[in-house]
Amino acid sequence: MCGIVGYVGSKKASEILIDGLKRLEYRGYDSCGLATITDGSLKVVKSINRIESLENDANHLEGCIGIGHTRWATHGEVSIENAHPHVSQDGKFAVVHNGIIENYTELKKMLLEKGFTFYSETDSEVIPNLISLYYEGNLLKAVKRATDDLIGSYALGIMCVEQPDVLVATKNNSPLVVGKGEGENFIASDFGAILKYTNDFAILEDREFAVISKDEVSFYTKGLESAFYSFIKLDTNVDDMEKSGFAHYMLKEIHEEPNTVQKIIKEYLHSSKGSMKFQIEKHDIKKVEHLYIVACGTAMHAGLYAKCLFEKLARIPVTVEVASEFRYQNPILRKEDMVIFISQSGETADTLASLALVKDKNIPFISIVNVKESTMDRLSDNVLYTKAGTEVAVASTKAYIAQTTLLALLAIYFATIKKSYDEDELKTLVEEIEMLPSKLERILDNEEKAIPYAQMLLQDQSIYYVGRGMDYYLALEAALKLKEISYIHAEAMPFGELKHGTIALIEKGTDVVVFANSPALWEKTLSNIKEVEARGARVFIVTTMRDLQDVENYDILVLPEVHELLAPILAIVPLQLLSYHIACMKNLDVDKPRNLAKSVTVE
Ligand code: G6P
């Protein structure tokens with residue numbers, strides 16, 4: 001989604017902005033631009049291609065102050081006019097904006113009546129013009145008056161030619177951080193954009209302001225009173241932002257999965273005692289009668305996996321909701337309920353809005369988050385970190401593995417407290433979790449096995465991913481991975497449901513990938529396989545089970561044996577690799593697939 005970076009110091013701003021924008025690329029964008037102030041005038045360069053295409057023009061821009069932006073189109077097509085920074089009609093103010101201004105039509109009408117003209121179709125262009133309208137020699141005051149008129153979400157970086165030494169920043173429901181350096185200061189929508197230059201951050205609060213010059217950073221409240229902000233340091237590793245010899249971030253992140261699981265085990269398990277380190281009050285767990293799990297995308301699929309575990313082990317009914325639906329359905333929440341939010345980024349707008357709703361109703365909730373100091377982290381009292389490190393590729397891989405492993409441990413913890421499942425069985429499960437890293441290693445050691453499958457599926461227009469029980473939820477995530485990066489349509493179905501309509505689409509040569517990890521459901525799964533085979537389907541089986549009978553006719557990928565409740569954590573990996581290799585064979589931009597954003601900060 002959109003990204004912001006801003007710089008003021010004594011170095012060439014354009015170079016730092018280009019570097020920062022490159023670090024924001026992974027969030028997904030379709031145009032980009034930057035502006036600096038040189039010799040009392042604004043210089044703007046924009047591109048509707050990748051950041052590299054901006055570099056040449058940007059190099060010609062002098063100036064030690066500037067703002068840069070990556071745009072993910074919402075209002076108006078991908079075009080140079082619609083790309084940011086946007087400049088006021090009088091050429092004095094430049095603005096980069098993340099978010100959506102909901103009342104921009106009225107504001108634009110008002111400005112048009114006052115004689116302003118517009119060159120873009122964006123909601124954002126009203127902002128520099130509003131600032132221009134209210135400017136009486138003090139940029140901060142003009143920004144405050146302008147933002148008082150705005151309804152919606154925004155993170156803003158603002159420059160004015162009449163005050164060429166300061167940047168003003170403000171935000172509402174969209175993240176913005178201020179980075180403090182030595183003789184230089186920064187703003188960014190994401191720590192990662194400026195982590196190379198500073199590890200001293202202040203996180204701006206909604207509707208408050210920061211005024212940043214080379215040597216000073218000042219903060220102001222909504223009413224423009226002076227505000228105190230403390231600066232924090234992150235324990236994020238800058239190396240996470242490098243590819244470390246891998247062709248793509250996605251491949252690197254898949255290869256980090258064994259270590260990711262190891263970190264979760266270390267963080268949440270007392271190995272010697274077999275007990276867990278979750279700091280959730282036991283009486284809170286005992287009284288939970290219903291769990292909601294709310295998330296989006298891959299995180300929601302991790303939630304579906306967890307549903308099976310919580311229901312089976314802890315005997316708690318679970319409803320998994322897509323956050324964009326949950327927030328508008330006036331959910332029936334009672335004191336005996338608990339909500340689990342899951343998010344890699346901690347910035348997904350719909351998940352955050354759902355969290356605000358639950359918080360408002362005083363319902364207990366836990367947040368499972370990867371990014372420390374993200375908005376979700378800061379809004380939650382009970383946070384469990386997935387510790388996967390920075391995930392750069394848009395398609396989530398290691399974060400899913402971290403979420404599912406953590407949720408498996410959490411479900412076992414709930415079951416232990418509630419005494420709802422056989423203790424020895426729970427112990428066995430914990431032991432099996434401890435063995436996951438080495439099994440994941442074995443799968444990755446055989447990565448090349450994915451390649452012939454990728455070749456076989458490469459030309460497909462559509463593929464079916466099917467499974468019964470928790471294998472269906474696994475199929476959903478596998479299908480999402482394929483769609484996201486290879487642009488091949490993939491439909492996940494509960495296998496038993498296929499015959500109620502969708503089987504009409506199965507014909508000679510249709511590819512059907514079957515997940516089969518449940519011994520109890522194998523006979524039923526096999527019958528379903530026969531049904532699609534009889535209609536000409538080419539069947540691929542992915543399984544963690546040994547010695548399956550009657551499968552000679554099918555391509556079969558046998559993974560290391562594992563407890564069936566943990567199978568999805570292993571079985572997704574070859575499918576992540578399959579999607580990856582198909583996308584590579586199709587020469588697609590694996591890490592930055594079209595139309596997608598890493599973190600969706602608008603509704
Ligand atoms: C976007 C990403 C997905 C991700 C989803 C939820 O759509 O492209 O990969 O699963 O957001 O993101 P979150 O950061 O909340 O887990």
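**Reading a parallel sheet and a ligand shell**

Q: In this predicted model, how many bridges join strand S22 to strand S24, and in which sense do they pair?

A: Two strands count as paired once at least two bridges link them. Here strand S22 (residues 462-467) and strand S24 (residues 511-516) run in the parallel sense and share five bridges, with glycine 467 placed opposite phenylalanine 515 of S24.

Q: What is the strand order of the open sheet, and which strands stand at its edges?

A: The order is S23-S22-S24-S25-S26, five strands with parallel pairing. Strand S23 (489-494) and strand S26 (555-558) each have a single partner strand, so one side of each lacks a neighbour in the sheet. On average, neighbouring strands of this sheet are turned by 20 degrees against each other, direction ignored.

Q: Which helices lie across these strands, and at what angles do they run?

A: Angles are taken between N-to-C directions, from 0 to 180 degrees. Helix H17 (residues 470-486) lies across S22, S23 and S24 and runs at about 175 degrees to S23, while helix H19 (residues 567-585) lies across S22, S24, strand S25 (538-543) and S26, at about 155 degrees to S24.

Q: Which residues surround the ligand, and which helix gives the most to the shell?

A: The ligand is surrounded by 14 residues, the closest being Ser343, Gln344, Ser345, Thr348 and Ala597; helix H9 (residues 297-313) gives the most, with three residues. By class, the shell holds five nonpolar, seven polar and two charged residues. An oxygen atom of the ligand lies 2.4 Å from a side-chain N or O atom of threonine 348, and the protein covers 90% of the 390 Å² of accessible area that the ligand has on its own.

Note on methods:
Residues numbered from 1 in each chain as written. Predicted model: local features only at pLDDT ≥ 70, side-chain atom pairs only at ≥ 80, totals over all residues. Heavy atoms only, no water. Near = heavy atom within 4 Å. Polar contact = N/O pair within 3.5 Å; in protein donor to acceptor, adjacent residues only side chain to side chain. Areas by Shrake-Rupley, 256 points an atom, 1.4 Å probe, with all protein chains shown as cover. Helix = DSSP H or I, 4+ residues; strand = E, 2+ residues; numbered from the N terminus. Nonpolar A, V, L, I, M, F, W, Y, C, P; charged D, E, K, R; others polar. Contact = heavy atoms within 4.5 Å.
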